[in-house]
Each structure stands twice: as C-alpha cells, then as structure tokens.
Amino acid sequence: MKIGVLTSGGDAPGMNAAIRAVVRRGISLGLTVYGIRRGYDGLLDGDFRPMGVESVGDIIHRGGTILHTARSERFRLPEGQDLAAARLRGAGISGLVVIGGEGSFKGMIELGKRGIRAVGVPATIDNDIPFTDYSIGFDTALNTGVEAVNRLRDTATSHERVFVVETMGRESGHLALAVGVAGGAESILIPELPVNIEDVCYKLRRGLDRGKVHSIIVVAEGATSGMDVAKAIEKCMGMELRVTILGHVQRGGTPTAFDRLIASRMGAAAVDALVQDNVGVMVGISGTKTVFTPMTEVVKSKKEIDLELYNMAEDLAR
Ligand code: F6P
C-alpha cells in the first residue's frame, strides 16, 4: 500500500515531528510513504517522491516543515480537486495524511468525495480546531509568546511603562488567552468577547493606585489591532504606550517537547487509522488519549473559548 503525506496552510512548529512519525510508522507497517511537497499545490503538480527512514532523520527538533507548505488557490476550485484526486490515483497512492488546519481539512473532505481515503492531523499555532485539546504548534507559539512577554516586562518595569502585545491567532483568541494567563497580563482582549477599553483603563488605574510600575495588555490579532488599542489607552490614560506585534516570530522556532510528543503520537495514529480504514477523520488529543472525529463534524464546529480560564485571569490580574 502506498500512502502520501502533506503539510498545508500556515506552518506550525512540530509539523516535522509529525511527518517523521507518519513516514516511520508507515515503513514499520510495510507501507511506501510518499512526501508531497508544497501542500495541495504540490499535489496538483505531482511534486511527490517516496520517503525512506533516513529522509526524516534529524528533523524532530526543527521548526517549519521540510515538505514546505502553501495555501493553494488552484485546489479551491472543483477542477483542482478533480486533478488532485487523479494525481494520487495515477501514482497508486491510496491513502493520504493531511497535516494542517481547518482550511486544509475542508480540502480533505473534497478529496474524500472523490474517493480519496484520508486522515487529518491538526497543526496550527492558533489551537482553534475543535475535538482536540491541542493542535501541533500551539505549545511552542505559547512559549514564544510568554518568553516575549517576560522580556517586555523587564523593559516595561525599568521605564514604568504599559506595553501592548499583539499575538497571532487569526479569528480566535485561544493563543492570546493562554499567553495572557501564563504571562500574567493585566488585560487580555480576544475576538470572542467584547473589547472594552474603559475596563482596560480602569484596571490600569487600579494597578497604578497600588503602586504597580508596569502593565502588559495582550491583544489577539482577531480582536482588534494592537496599535488601535494603544491609541485608545493613551487617550483615556494620558500616557505613552509601546506596542509589540509578535507576528510570524510566533510561528517559527524549535518545537517544544510537548509539541513533538503530540505530533509523534498523532502522526503515528493517523497511519494506523488509514491502515484500519478509519478514514475521513481527524486525529485529536483528549486528555491522555488519541481520539478520532469525523472530519465533517470538525469543520462545522467551533472550538469555544474557555470562559472559566478567562474569568480566572481577570481575578488574578490585580
Ligand atoms: O493560522 C496560522 C496563522 O499563523 C494565524 O495565526 C495568522 O493569522 C495567519 O496564519 C497568518 O497567515 P500568513 O502566514 O499567510 O500571513
């Protein structure tokens, strides 16, 4: 049996560990594993080749993806999806592991309608995919965000300043919330809840009154822009702020041990699922277990924000 593996959408630290797991578990089970380069774009171009055990050596600790990735416009069209399915059939590849986020999984469903057996592995720093506690890359991006907050705290304290830190996360606030809680931010602004600048200013004043010399406001890019938040706070507080936009810095770097661990587990589980004909599903992590959810359920659901965690953060940021 021949299977293919591709990474698609935004890269995420730990994708390499997942590729390694797919290749090596596949070979252990007697399969031939093809690496498909540049996501669905590479699939359309027939850009794939078999991967041996050694081809994934020395990558478990590397960020990014050795297979490269893309957000393919051509694959969005039905003709593109027809061609992609034909390419796989032409190469005798009968199963596919898609490592990526929600957009990549929608593509996987389209391939499924064309008879391609596929399994998804969630990988995005945004951690916004339902039916899994974690997606690959989130933990690394969280740690990068917290490290940035730690550094900003030093300079914020020295200058007695307020800093706004804007995190990635697209339309979701999971990453920002985690960075804010773990970084001890005074306020956390996320798209799932109304942005209330008056409340942010109230908390800043309360902090100043008790002698606090610095403050950190974490803003999810999907809530509003860090620049706009800073301007609004400057207006109500009459002080100068500084803004740091973490941007793509949050998407790079060596994956944490946790990301490598879940990537290894989910990559291997995806191959097992293919072999057992458990297809059209996404592998996930629930507690300490790997779980499988039909992909059609995954793409129509939304991962809710943890309001208990948000409210707790409010209490702790005094
Ligand atoms: O989905 C991952 C992510 O990094 C988001 O957090 C961010 O909004 C987006 O991708 C950025 O995408 P691009 O790399 O295409 O600018």
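**View 1. The ligand lies between two domains.** Domain 1 (2-137 + 255-300) and domain 2 (140-251) both give residues to the shell around the ligand, so that's why it lies between them. The domain bounds come from an automatic or database domain assignment. What you're looking at is a predicted model: local features need pLDDT of at least 70, side-chain atom pairs count only at pLDDT 80 or more, and totals for chains, interfaces and linings use all residues. Residues are numbered from 1 along each chain as its sequence is written, and side-chain values use heavy atoms, with hydrogens and water left out.

**View 2. Here's how the two domains meet.** The C-alpha centres of domain 1 and domain 2 are 34 Å apart. Still, 12 residues of domain 1 are in contact (heavy atoms within 4.5 Å) with 11 residues of domain 2.

**View 3. Who surrounds the ligand?** Around the ligand you'll find R71, T124, I125, D126, M168, G169, R170, E221, H248 and R251, counting a residue if one of its heavy atoms lies within 4 Å.

View 4. R71 puts a polar side-chain atom 2.9 Å from a ligand oxygen atom. With H248, a side-chain N or O atom is 2.9 Å from an oxygen atom of the ligand. G169 uses its backbone instead: an N or O atom there lies 3.0 Å from a ligand oxygen atom.

How values were computed:
A polar contact is a pair of N or O atoms within 3.5 Å; within protein, one must be able to donate a hydrogen and the other to accept it, and residues adjacent in sequence count only if both atoms are side-chain atoms.
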